Amino acid sequence: MNVSKSKSTKVSVKKKSRWKDFKDNAELSVMLIPGLVLLFVFSYIPMVGIIIAFKDYRNNLGIFGSEWNGFENFKFFFQSQDAWRIFRNTIGYGLLFIITTLIAAVLVAILLYEVKRKIALKFYQTSMILPHFLSWVIVGYITYMLLEPNMGVINQIIRFFGGDGIQWYSEPKYWPVILPIVNLWKNIGLKMVMYYAALMGIDEELFEAAQIDGANRFKQIIYITLPSLVPLMTILTILDVGNIIRGDFGLFYNIPRDVGLLYPTTDIIDTYLYRGLRTGDDIGITTAVGLFQSVIGFIMVVGTNLVVKKVAPENSLF
């Protein structure tokens, strides 16, 4: 009896404290209403369309008039020859992007932390973060200018040295290298700034104490700098893992220019869904793939966080 009373008392205390917090921050809570309304209208109401994944959708019948077909849309997709290719590319590139961006961003942030001249530091930071603000359409044209088979810059350099130009947009084998390089060039700047900001929060006395103890710069990085970045690295990695299954549509559509010959190494789930929605022939299958993609992404975020919570609870996301 005492245990149940104590539990009910704790629940009531929590409710009272939440209500008190709401009253104390009433103005701020009211300001949340427009954002919550927009979130509900544009993110939750459209979720009714999920039922298309379980229906034999027909345009003339609509969402609710089409017949139910259970898991046939899922079954049809996973038995197709496209399933293995797009999941392999999506997950493979996702893992590669996480690893390369993490290593490169941390390395560049540490290097910039060693730059003492403010003018040089601002120049490096600005030049590296600028590509992040370019749209993938612009980056696609820049890439095409470099790789264009006849007049592309890279092919002209190859021919200048006596080689034969490479047909970049006809050979799938080159794109597992091209895409990570383009992704790194565009996205490293933002991640680098985040890690650099974390480095600025490290107490300088730690480095001074390490110097007194005889630690060189490399050891200071290993035992002071990197451990200070681990919490941020963990959080960003958890978030990135959740997006592995989603991919970056702008990158995989605009850089290879949706060339069919390159699908074996450039086609991912998002580009597959786009083509399905554009033609309008396989909306049920497309919706099923999108639903599966969202569920897997949610599971991966929660699963990664649980693993981190077991290993290092202080670094977990929630």
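User: What radius of gyration does the chain have, against that of a compact globule of 318 residues?
Analyst: This is a predicted model, where local features need pLDDT of at least 70, side-chain atom pairs count only at pLDDT 80 or more, and totals for chains, interfaces and linings use all residues. The radius is taken over C-alpha atoms, and the globule rule is 2.2 Å times the number of residues to the power 0.38. That rule puts a compact globule of 318 residues near 20 Å, but the chain has 25 Å.

User: What does the C-alpha trace span along its principal axes?
Analyst: Residues are numbered from 1 along each chain as its sequence is written, and side-chain values use heavy atoms, with hydrogens and water left out. The C-alpha trace of the chain spans about 80 × 70 × 35 Å.

User: In which helix is confidence lowest?
Analyst: Confidence here is pLDDT, the predictor's score for each residue from 0 to 100. The chain averages 85, and 93% of its residues reach 70 or more. Helices (H or I, at least four residues) and strands (E, at least two) are DSSP runs, numbered from the N terminus. Helix H7 (residues 136-147) has the highest mean, 94, and the lowest, 60, belongs to helix H1 (residues 2-24).

User: Is threonine 286 buried or exposed?
Analyst: Threonine 286 lies in helix H15 (residues 283-311). Contact means heavy atoms within 4.5 Å; not counting residues up to four places away in sequence, threonine 286 touches Leu273, Gly276 and Leu277. Buried means under 20% relative accessible area, exposed over 50%, partly exposed in between (1.4 Å probe, protein chains only). Threonine 286 has a relative accessible area of 5%, so it is buried.

User: Why does glutamine 81 count as exposed?
Analyst: Glutamine 81 sits in the loop between helix H4 (72-78) and helix H5 (82-113). Its class is exposed because its relative accessibility is 72%.

User: How far apart in space are glutamine 81 and alanine 104?
Analyst: The two residues are 23 apart in sequence. From C-alpha to C-alpha, the distance in space is 35 Å.

User: Which residues is isoleucine 63 in contact with, leaving aside neighbours within four places in sequence?
Analyst: Isoleucine 63 is in helix H3 (residues 62-65). At 27% relative accessibility, isoleucine 63 counts as partly exposed. Its C-alpha is 7.4 Å from that of glycine 49, 14 residues away in sequence. The contacts of isoleucine 63 are Ile51, Ile52, Lys55 and Tyr57.
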